[in-house]
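Dear colleague,

Please find below the structure that I am handing over to you, together with its sequence. My notes on what was found in it follow directly after.

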Amino acid sequence: MKTQTYYLNLGPQHPSTHGVFRIILELDGETVVKATPVPGYLHRGIEKLAEARTYTQVIPYTDRMDYLAAMLMNWGYVKAVEDLMGVEVPERAEYIRVIVGELSRIASHMIATGAYGADIGALTAFTYTFRDREYVLDLLEMVSGSRMTFSYFRVGGVAEDLPEEFYPAVKKFLAELPGMCDEYDGLITGNEIFQARTKHVGIIPPEVGINYSLSGPTLRGSGVNYDLRKVRPYSVYDRFDFDVPLGKNGDCFDRFRIRIEEMRQSGRIIQQALEQMPDGPIQAKVPKVIKPPVGDAYAEIESSKGVYGCYVVSDGSPKPYRVHFRRPSFINLGYLGKLCEGWKIADVVAILGSIDIVLGEVDC
Amino acid sequence: MFGQGLLKGLEITWGRMLGKKQTVKYPFEKIEMFPRFHGRFQLDVDKCIACGLCANACPNKVIQMEKQKVDNKQYLTKYVMRIEYCLFCGLCVESCNKDALKFSSVIDMNQYRREWVRLTLVDRPAPESKKTPEEAPAETAKEQAAAGKAAPGKEG
Ligand code: SF4
Ligand code: SF4
C-alpha cells in the first residue's frame, strides 16, 4: 500500500504553543517525520528600538522580552551597561536584586509548571500554580508598583528600596513555599498518567544539549551541571548555599521536575539574602545622563529559562549604538525540530511545553 | 501501586475545596492597591514648573506639554498623556524632582476607544500678564487634575 506524509500546521494560535508560536509538522499517520518551528510572530524589534532610546529608557523594553520573569531581563541589561561603565553596585542593591530576581524566577517556574500540567491535561494544577503566582506578583508589586513589567532595575542599583510591608509578606510566602511545591508534586509530579506521558519522552542527551548550546532547566534536565549562579557566580550568588537540581534521563519529566526543585532552592536563596542583607545605599553614583565610554560589554545571568546574555556597544553618545540579547528560549528552541522527530503529535505538545519558552523572548 | 498518585491528587483537590476562597467578585468587590502601584497619573499643577523633565524621560513620547512664558515664569497650559503608548514604567514620575507627577491607585482606565484613553491632565489658557490674578485658572486646572479627567470625560 502506498502511503504519503502530510502537513499539519500547529499554531501560531494554539494554547499549547504558549503564545504565538508555529510549528509545521510533517506527519506519517500520527508520527512526526519532520518538524519546522516558525518563530517571529511576536517580533517587535526591541534591539532596534533600543538604539533610539537612552540607556535608562531601554530598561522598560527588556521587561517585554521574558515578561514572566521581567526582573531577570532587567538584570542582564543593566549589568552589561554597568560593566561597560565600570560601575560598582552597592551591596544592598545586589541583595535586593537577588531577592526580586529569585522571586521572579519562582513566578516564572510556577507558570512553567502549571502550564505544563495544562498541556498534558492536568488543568487543575494550572489553577493552583496561578493562585500561588499571584502571591509572588503581590510581593513584586509592593516593591516595584507593577505586576509583570516591573522596570525596577536601574543602571547602578534599583529604583527604590524595599518597602516595610515587604518583609513580613515575603517571610509568610517563604514559609508557605515548600507546602506549595509539595502540592504541585502531589498534583502533577506523582500523577501516574502524567508520568506515562512524560517519562522517556523527548530525551535530550547531555552532549547534544551542550552542542546545541541549550541552557537552564532544559540543559540541567539532562544532568549537565551548568548553572551560571554556581559556575561563574555574578552579583552576590557566591555567598549563598543552594543546590542545583539535576535530571538523570534528560526527558520531559526531568525537565519539568527540576523546575519545582529550583523553586525550593530559590526560596532558600531569598531566605539567606534576607538574613545577610546589609544596610546602605541602593544606588551607585551614576551621572543623570548615562554616557558610557566607547566600547562594548557582554554580561550574562542565569534567567529562569537559561543563560540570558546582553551585549551593548557604545559609541560614547547617550544612546546605545547596538544592543543584542541572547535569549535562552530562542536558543533552546534550536533543537526542537530534531527533538520532535519520531514522536507522536501528542508528544510534540509535551516536548514543547517541557522546554518552557516564552514568546516575548523568542521573538524579542 | 498504580493509582496512588492519582489518589494523592484527589486528596489535595478535595482538601482545597473546603479551603478559603481565593478570588473576589471584581467589579463589585475591589482589592486595595499597594502604595507604589502604578495606576492612573496625577499631576499637581501648583507644584509643576513645566520643566519638561518628565516628557524627556519617557521612552515612548507619551507626554505632550505646552507652556507659555508669563512674567518671566513658565506657565503650563497643556499637559496631555497619550496613555495608549504608555509602558507604565514610572521613569517620568521618577524624573520629576518637584514631586508634581505621581501615580494614583486608580486601575480602571479601560475605554472602548483608543482616543478616549488619552489623559488630559491640564488644559487651560495662560493668564494675561500681571493684570489677571493667577489663582483663578490655576484653581480650576487643579480640580481637573485631581479628577484625572480622561479626554472626552465619557466612559463607554
Ligand atoms: S510611565 Fe513610562 S511610558 Fe508612561 S508616561 Fe511615564 S515614562 Fe512614559
Ligand atoms: S511634572 Fe515634574 S518633571 Fe514634569 S514638567 Fe512638571 S515639574 Fe517638570
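Between chain A and chain B there are three salt bridges. One of these joins A:Glu183 to B:Arg16, with the closest N and O atoms 3.4 Å apart. Please bear in mind throughout that this is a predicted model, and that every value quoted here is computed from it.

The interface as a whole may be described as follows. In chain A, 33 residues are in contact with 28 residues of chain B. The two chains bury about 2,400 Å² between them, and carbon and sulfur atoms account for 53% of that area. On the chain A side, A:Gln57, A:Glu141 and A:Glu192 supply 21% of the area that this chain buries against chain B, more than any other three residues.

I turn next to the ligands. The residues around ligand 1 belong to chain B, and include B:Cys58, B:Cys86, B:Cys89 and B:Cys92. Also present in this shell are B:Phe41, B:Pro59, B:Val62, B:Met81, B:Leu87, B:Phe88, B:Gly90 and B:Leu91. By class, the shell has eleven nonpolar residues, one polar residue and no charged residues.

Ligand 2 has 13 residues around it, of which B:Cys48, B:Cys51, B:Gly52, B:Cys54 and B:Cys96 come nearest. Its shell is made up of eleven nonpolar residues, one polar residue and one charged residue.

B:Cys89, in the shell of ligand 1, counts as buried because its relative accessibility is 8%, under the 20% limit. B:Cys48, among the residues that come nearest to ligand 2, also counts as buried, since its relative accessibility is 18%.

Finally, a disulfide is a covalent bond between the sulfur atoms of two cysteines. A search of the whole structure finds zero disulfides over all chains.

With kind regards

Definitions and conventions: Residues numbered from 1 in each chain as written. Chains lettered and ligands numbered in written order. Predicted model: local features only at pLDDT ≥ 70, side-chain atom pairs only at ≥ 80, totals over all residues. Heavy atoms only, no water. Near = heavy atom within 4 Å. Nonpolar A, V, L, I, M, F, W, Y, C, P; charged D, E, K, R; others polar. Disulfide = S-S within 2.5 Å. Buried < 20%, exposed > 50% of the residue type's maximum accessible area, 1.4 Å probe, protein only. Contact = heavy atoms within 4.5 Å. Buried area = accessible area lost by both parts, 1.4 Å probe. Salt bridge = Lys/Arg side-chain N within 4 Å of Asp/Glu carboxyl O.
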